[in-house]
Amino acid sequence: MPVTIQRRNLRSRLNRRRRHRPAMQAYDALPPQLRQWLANASLPWSPNSALRIWKAAGGAKAPADALARLNAIEQAMLLRDARIWEE
């Protein structure tokens, strides 16, 4: 009897996202302060999303402000998640 492999998730209508480079390479290219923050973050962040917020908050010129913005976003996400579990 032949074994069939179910590939339901490969038939998704959603667009596939391709990485331009491996995740660890992206992580290693981050600024040291941002890497340290990610290492201690409560939620799993992708290097790309963290870097996007870092740059938008002026991380190169004001690292403390960028880290505060990342903390605020993470806290908001944790609060939103807590409300889902309370229902």
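This report describes the fold, the nonpolar core and selected residue contacts of a predicted model.

## Overall architecture

The protein contains four helices and zero strands, and its elements, read along the sequence, follow the pattern α-α-α-α. Of its 87 residues, 18% count as buried, while the accessible surface comes to about 7,700 Å², of which 53% belongs to carbon and sulfur atoms. Among contacts between residues at least 6 apart in sequence, 34% join residues at least 24 apart.

In soluble globular proteins, nonpolar side chains tend to be buried together. The largest nonpolar core of this model has 11 residues, namely Leu-30, Leu-34, Trp-37, Leu-38, Trp-45, Ala-50, Ile-53, Trp-54, Ala-66, Leu-70 and Ile-73. Two or more residues of this core come from each of helix H2 (32-40), helix H3 (47-56) and helix H4 (63-86).

## Helix H2 and the tryptophan pair

The buried residues of H2 are Leu-34, Trp-37 and Leu-38. Seen down the helix axis, these buried residues fall within an arc of 100°, and they therefore line one face of H2. Pro-32, Ala-39 and Asn-40, by contrast, are exposed on the other side of H2.

Trp-37 of this buried set also takes part in the one aromatic pair counted in the model. Its partner is Trp-45, and the arrangement is edge-to-face, with 5.4 Å from centre to centre and 75° between the planes. Both Trp-37 and Trp-45 are buried.

## Helix H3 and its surroundings

In H3, the residues Pro-47, Ser-49, Ala-50, Ile-53 and Trp-54 are buried; among them, Ala-50, Ile-53 and Trp-54 belong to the largest nonpolar core. The helix is followed by Gly-58, whose phi is positive, near 75°.

Leu-51 also has its place in helix H3. With neighbours within four places in sequence left aside, Leu-51 is in contact with Leu-30, Pro-31 and Leu-34, and two of these partners, Leu-30 and Leu-34, are listed in the largest nonpolar core. Leu-51 and Pro-31 are 20 residues apart in sequence, and their C-alpha atoms are 8.7 Å apart in space.

Definitions and conventions: Residues are numbered from 1 along each chain as its sequence is written. This is a predicted model: local features need pLDDT of at least 70, side-chain atom pairs count only at pLDDT 80 or more; totals for chains, interfaces and linings use all residues. Side-chain values use heavy atoms; hydrogens and water are left out. A nonpolar core is a set of buried Ala, Val, Leu, Ile, Met, Phe, Trp, Tyr and Cys residues joined through side-chain atoms within 4.5 Å. Buried means under 20% relative accessible area, exposed over 50%, partly exposed in between (1.4 Å probe, protein chains only). The arc is that of the directions from the helix axis to the C-beta atoms. Rings of Phe, Tyr and Trp (its six-membered ring) pair if their centres lie within 6.5 Å; planes under 30 degrees apart count as stacked, over 60 as edge-to-face and the rest as tilted. Contact means heavy atoms within 4.5 Å. Accessible areas come from the Shrake-Rupley method with a 1.4 Å probe; for residues, only the protein chains shown count as cover.
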